[in-house]
Amino acid sequence: MKRIAEFQKVSREQFVRDWTDSFGDCSAEQAEKIYEGIKIPARATSGSAGYDFCTPVGFSLAPGETIKIPTGIRVKIEEGWMLGLYPRSGLGFKYRMQLNNTVGIIDSDYYYSDNEGHIMVKFTNASNTGLTINLNAGDAFSQGIFTEYGITFDDDATGVRNGGFGSTGR
């Protein structure tokens, strides 16, 4: 198996900024305590393709509700690879929990952005059966899978990324 990436925590300062931006009712002191509990993504078994991302706090998500979770995680990836983020299979199957951008694409150069490459995950509970999602702090809620990709023979991209969510298409 080829080793091509390394997960890391973003700095405490970056996490606190992003967490309090997402959850305005949370103080910086509370965000710092949440930061201490962040788990680095890991595979559950030797045959797992996905690295489990765990929620830093517990939350409930009623049908139709959306949440944006600053994970506190960044990833350094070799060029020619990307990380795809997906909902955990069980959450998607049971609750229709969906990423708002369908699949999150983390490019290798995102690591170097001003926000330290902080991975954010935005989910919606798209349940049509009325089920509320209840997750505890530390529960796996998303999975990341590394994928190798190629480029065209006439590719001449020279742009430099600084940010996420459409930053290269502005």
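The model is predicted, so local features need pLDDT of at least 70 and side-chain atom pairs count only at pLDDT 80 or more, while totals for chains, interfaces and linings use all residues. Residues are numbered from 1 along each chain as its sequence is written, and side-chain values use heavy atoms, with hydrogens and water left out.

I begin with strand 11. Helices (H or I, at least four residues) and strands (E, at least two) are DSSP runs, numbered from the N terminus. Two strands pair if DSSP finds at least two bridges between them. Strand 11 (residues 140-148) runs antiparallel to strand 2 (residues 51-54), with four bridges joining them; here Y51 has G144 as its bridge partner. Strand 11 is also antiparallel to strand 6 (residues 81-87), through seven bridges, and T147 stands opposite M82.

Next, helix 2. Which residues of helix 2 are buried? They are A31, I34 and Y35, where buried means under 20% relative accessible area, exposed over 50%, and partly exposed in between (1.4 Å probe, protein chains only).

Finally, the loops. Most residues other than glycine have a negative phi. R96, between helix 3 (89-95) and strand 7 (97-99), has a positive phi near 60 degrees. T102, between strand 7 and strand 8 (104-107), has a positive phi of about 70 degrees.
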